[in-house]
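Thank you for making the time this morning.

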Amino acid sequence: MSFSGKIKEELAEQYAKARHCNLAELSAIIHMAGGFSDDRRGVCCVHVHTENYTVARKCFTLLTKTFNIGISIAIRRNMTRGSASYDIYAKGEELLAVRKAMVQAVCCKRAYIRGAFIAAGSMSDPDKSYHFEIVCDTRGEAEYLKAMVNSFDMDAKIVARKKTYVVYLKEGSQIVDILNVMEAHVALLELENVRIMKEMRNCVNRKVNCETANINKTVSAAVRQMEDIKYIRDMVGFDKLPEGLKDVALTRLEHPDATLKELGGLLKEPVGKSGVNHRLRKLSEIAVKLRD
């Protein structure tokens with residue numbers, strides 16, 4: 001099952017205790033996957049169409065838990081594709097409570113976002129990328145949902161995609177927050193584990209890259225020092241060099257792989273890293289002058 005599927009399964013098992021929260025969640029599902037209409041007598045009707053069994057089950061259960069009205073469901077199976085679609089129909093004056101639901105309380109906003117995701121949301125596999133989205137049919141629905149998500153201190157954005165409008169989040173930390181808002185706590189922990197592992201891998205890679213760069217830098221410097229020292233030896237010899245420079249030159253030739261600190265400890269009169277570096281620079285300057 002995809003990560004999105006796991007989230008929806010988890011959310012589908014949750015039911016708010018308060019009736020107003022159930023109304024908010026039901027309102028989101030109907031707006032995202034169906035719509036309202038009136039029959040000839042002006043009675044409110046609801047129709048929800050989905051190819052996702054989880055969405056159909058959640059919608060049907062919310063309707064039966066919240067209202068004492070007749071509900072019917074039509075199932076169409078595509079034997080060729082091995083899939084099914086679900087059409088849920090309900091009618092009754094009570095449904096006006098959903099149609100006119102005012103989502104203002106924080107708990108109801110959580111429920112609405114949860115319902116919107118169940119009906120029209122998806123999330124990428126966090127092992128590959130971070131992307132959370134909910135697809136809306138109209139710009140108005142997208143703006144409404146975006147404002148609701150951003151009321152929880154997030155930065156959701158909208159992008160037009162074909163004939164729909166997508167409300168999305170791309171920051172890993174904000175996706176963690178939205179899962180918390182929807183109360184998808186199992187999915188949240190799984191995502192956090194993935195994020196921790198990714199951060200650990202990135203940290204290790206940064207350290208390895210840094211150490212590799214330092215090693216390459218050290219090796220390049222040592223090779224250059226060896227070339228300069230050998231050039232001086234072959235051109236004029238070491239006898240005319242000051243004793244300190246001669247000592248460093250001979251020690252470097254004997255220990256080409258030694259670090260500056262190690263090199264300083266191997267000298268007749270040991271010096272620190274900065275002292276060794278200073279003498280090697282002097283040797284390099286002498287080699288440059290000889291080459292010129």
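Predicted model: local features only at pLDDT ≥ 70, side-chain atom pairs only at ≥ 80, totals over all residues.

Residues are numbered from 1 along each chain as its sequence is written, and side-chain values use heavy atoms, with hydrogens and water left out.

Let me begin with the interior. By a nonpolar core I mean a set of buried Ala, Val, Leu, Ile, Met, Phe, Trp, Tyr and Cys residues joined through side-chain atoms within 4.5 Å; buried means under 20% relative accessible area, exposed means over 50%, and partly exposed is in between, with a 1.4 Å probe and protein chains only. The largest such core has 64 residues, and those with the most contacts inside it are Ile7, Met32, Ile113, Phe132, Leu145 and Ile178. If we take Ile178 and leave aside its neighbours within four places in sequence, its contacts (heavy atoms within 4.5 Å) are Ile113, Phe132, Val149, Met154 and Leu169. Apart from this core lies another, of 15 residues, among them Ile229, Leu245, Val248 and Leu263.

Of the 10 residues in α1, 8 are buried, so the helix is mostly covered. Ile7 is one of those buried residues, and the charged Lys8 and Glu10 are also among them. The buried residues of α1 pack against α3, α5 (106-120), β5 (121-123), α7 (172-182) and α8.

That brings me to the salt bridges, each of which is a side-chain nitrogen of Lys or Arg within 4 Å of a carboxyl oxygen of Asp or Glu. The structure holds 18 of them. In one, the side chains of Glu9 and Arg57 meet at 3.7 Å, N to O. Why does this pair tie together parts that are 48 residues apart in sequence? Glu9 lies in helix α1 (residues 3-12), whereas Arg57 lies in helix α3 (residues 53-66), so the bridge joins two separate helices. Glu9 is partly exposed at 26% relative accessibility, and Arg57 is partly exposed too, at 21%.

The pair of Arg139 and Glu143 has its closest N and O atoms 3.2 Å apart, and here both residues lie in helix α6 (residues 139-150), 4 residues apart, about one turn of the helix. There is also a network of salt bridges that links Glu25, Lys58, Arg114 and Glu183.

Now to the largest pocket. On a 1 Å grid over the protein atoms alone, a pocket is an open set of points where a 1.4 Å probe fits, with protein on both sides within 12 Å along at least five of seven lines, and its lining residues have an atom within 4 Å of a point. The largest pocket is lined by 21 residues, of which Thr218, Ala221, Gln225, Leu260 and Asn277 lie nearest its centre. The elements that give two or more residues to this lining are α8 (185-235), α10 (260-266) and α11 (273-291), and the largest share, 10 residues, comes from α8.

Finally, a few single residues. Most residues other than glycine have a negative phi. Lys162, although not a glycine, has a positive phi of about 55 degrees; this residue is found in the loop between β7 (157-161) and β8 (164-169), and Lys162 is exposed, with a relative accessible area of 87%. The place of Glu183 is in the loop between α7 and α8, and Glu183 is partly exposed, at 31%.

Not counting residues up to four places away in sequence, Ile75 touches Ala84, Ser85 and Tyr86.
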